[in-house]
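Dear colleague,

Please find the structure below, handed over for your files. The findings follow directly after it.

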Amino acid sequence: MTLPGTPTRVDYPAGALAGTATVLHVAPAADGLVAVVTDATSFHPVDAAWPDQPADRGVLRANGRELPIVDAVVAATEGTELHLGDAVPVRKGTEGWTFLVAHLVDAADAPREGDEVEIAADPELRAALSAGHTACHLASLALNRALAGRWSKEPREDALGAPDFDGTAIQSSRIEANGSVDRYRLNKSLRRAGFDTASLDEASLPALAAEIEATLADWVAADAAVRIEAEGPTLTDRRSWVCELPDGTARIPCGGTHAESTGALGALDVQLELGDDAGTPVLVMATRATPRS
Ligand SMILES: [Zn+2]
């Protein structure tokens with residue numbers, strides 16, 4: 001058995017939901033499942049290295065059967081073994097390693113190497129996750145803008161030239177159906193970077209959320225076009241989210257899927273909360289879109 005030496009071609013960044021593919025490798029996985037690696041896929045996998053957007057839901061059709069895809073993960077191989085999800089021992093792009101999309105299906109009816117299969121992602125969930133992911137990027141930019149006056153040093157700039165609070169403090173980002181939850185560490189290294197963490201107290205949060213929502217409302221009203229730019233067609237080619245906002249063109253590295261324009265998000269609502277993560281204060285931003293139907 002030879003493992004593929006070229007990364008999976010991914011069609012979901014351009015918006016594809018379904019397509020045909022050839023099975024290149026089938027490997028055992030946990031819980032009676034197998035990992036099916038194909039030459040191409042329209043199915044968004046979760047990336048354990050930065051698991052912001054969850055996997056699509058959907059089916060794999062092969063040999064007249066339809067199998068639910070239980071999960072889809074980023075996998076990697078150095079040629080002899082397929083490592084799945086968080087068992088991938090190297091960073092994406094490590095020389096000598098090939099990164100692949102693995103679709104996990106029940107072992108009993110799994111296709112075999114060489115089979116032609118059809119892979120189809122659920123359109124409703126995809127649309128909701130795409131709206132959530134676009135909302136997440138916009139909210140991070142609006143948050144950076146709202147916090148711009150709280151820096152005493154020049155930090156790195158975000159995609160619109162504002163001090164990059166999001167990029168400096170982000171702990172985790174989770175995309176949900178029509179929304180996202182971002183957690184930011186308000187720790188010593190953020191203070192050393194020049195951010196006034198003490199200014200973020202409970203009393204300051206409602207005004208901050210209102211300011212973020214006002215920026216987001218402007219951006220939704222502008223119905224700015226959103227697109228994904230890719231340097232190539234495979235899983236490991238660099239891709240960027242590009243949004244033509246009235247304030248300038250924002251470009252953010254991103255491996256996910258997105259709405260086609262900011263207007264599609266409808267009303268955007270932001271909730272801010274202070275929390276604690278093992279003694280480190282955190283700011284939690286929950287963003288919800290109410291997409292136009
Ligand atoms: Zn993204």
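In sequence, the donor residues of the zinc ion follow the spacing H-x3-H-x116-C. The protein donors are H133 (NE2), H137 (NE2) and C254 (SG), which lie 2.1 to 2.3 Å from the zinc ion. Donors are N, O and S atoms within 2.8 Å of the metal (3.2 Å for Na, K and Ca); water is not among the atoms, so sites may look incomplete. Distant parts of the chain are linked here: H133 belongs to helix 1, while C254 sits in the loop between strand 15 (248-253) and strand 16 (267-277), 121 residues apart. H133 is buried, at a relative accessible area of 0%, and C254 also counts as buried, at 7% relative accessibility. Buried stands for under 20% relative accessible area, exposed for over 50%, and partly exposed for values in between (1.4 Å probe, protein chains only).

Two notes on provenance belong here. This is a predicted model, in which local features need pLDDT of at least 70 and side-chain atom pairs count only at pLDDT 80 or more, while totals for chains, interfaces and linings use all residues. Residues are numbered from 1 along each chain as its sequence is written, and side-chain values use heavy atoms, with hydrogens and water left out.

Helices and strands are DSSP runs numbered from the N terminus (helices H or I, at least four residues; strands E, at least two). G132 also lies in helix 1. With a relative accessible area of 0%, G132 is buried. Contact means heavy atoms within 4.5 Å; not counting residues up to four places away in sequence, G132 touches I175, E176, N178, G179 and S180. G132 and V117 are 15 residues apart in sequence, yet their C-alpha atoms are 29 Å apart in space.

The packing of two helices comes next. Two packed helices are described by the angle between their axes and the distance between the axes. Helix 1 (residues 123-146) and helix 4 (residues 205-221) pack at an angle of about 125°, and their axes are 9 Å apart. Axes are lines fitted to C-alpha atoms, for helices over the stretch in contact, and angles run from 0 to 180 degrees between N-to-C directions. Helix 1 and helix 4 are therefore oblique to each other; angles under 35 degrees count as roughly parallel, over 145 as roughly antiparallel, 65 to 115 as roughly perpendicular and the rest as oblique. The crossing of the two helices is right-handed, a term used if the near helix is turned clockwise from the far one by less than a right angle, with left-handed for anticlockwise.

On the side of helix 1, the contact is made by L138, A139, L141, A142, L143, R145 and A146, which meet L208, E211, I212, T215, L216 and W219 in helix 4. These residues divide into 10 nonpolar, one polar and two charged. Ala, Val, Leu, Ile, Met, Phe, Trp, Tyr, Cys and Pro count as nonpolar, Asp, Glu, Lys and Arg as charged, and the others, Gly among them, as polar.

W219, in helix 4, is buried, with a relative accessible area of 1%. Leaving aside neighbours within four places in sequence, the contacts of W219 include L138, L141, A142, R145, L160 and D247. W219 and D247 are 28 residues apart in sequence and 9.0 Å apart in space, C-alpha to C-alpha.

V36 lies in strand 3 and counts as buried at 0% relative accessibility. Among the residues that V36 touches, not counting those up to four places away in sequence, are V23, H25, L60, V101 and P111. V36 and H25 are 11 residues apart in sequence and 6.1 Å apart in space, C-alpha to C-alpha. P155 and H25, in turn, are 130 residues apart in sequence and 46 Å apart in space, C-alpha to C-alpha. P155 is found in the loop between helix 1 and helix 2 (165-169), where P155 touches P163 and D164, not counting residues up to four places away in sequence.

D31, in the loop between strand 2 (18-28) and strand 3 (33-38), has a phi near 60°, a positive value in a residue other than glycine. D31 is exposed, with a relative accessible area of 73%. A278 has a positive phi of about 50° although A278 is not a glycine; A278 lies in the loop between strand 16 and strand 17 (280-290) and counts as exposed at 80% relative accessibility.

With kind regards
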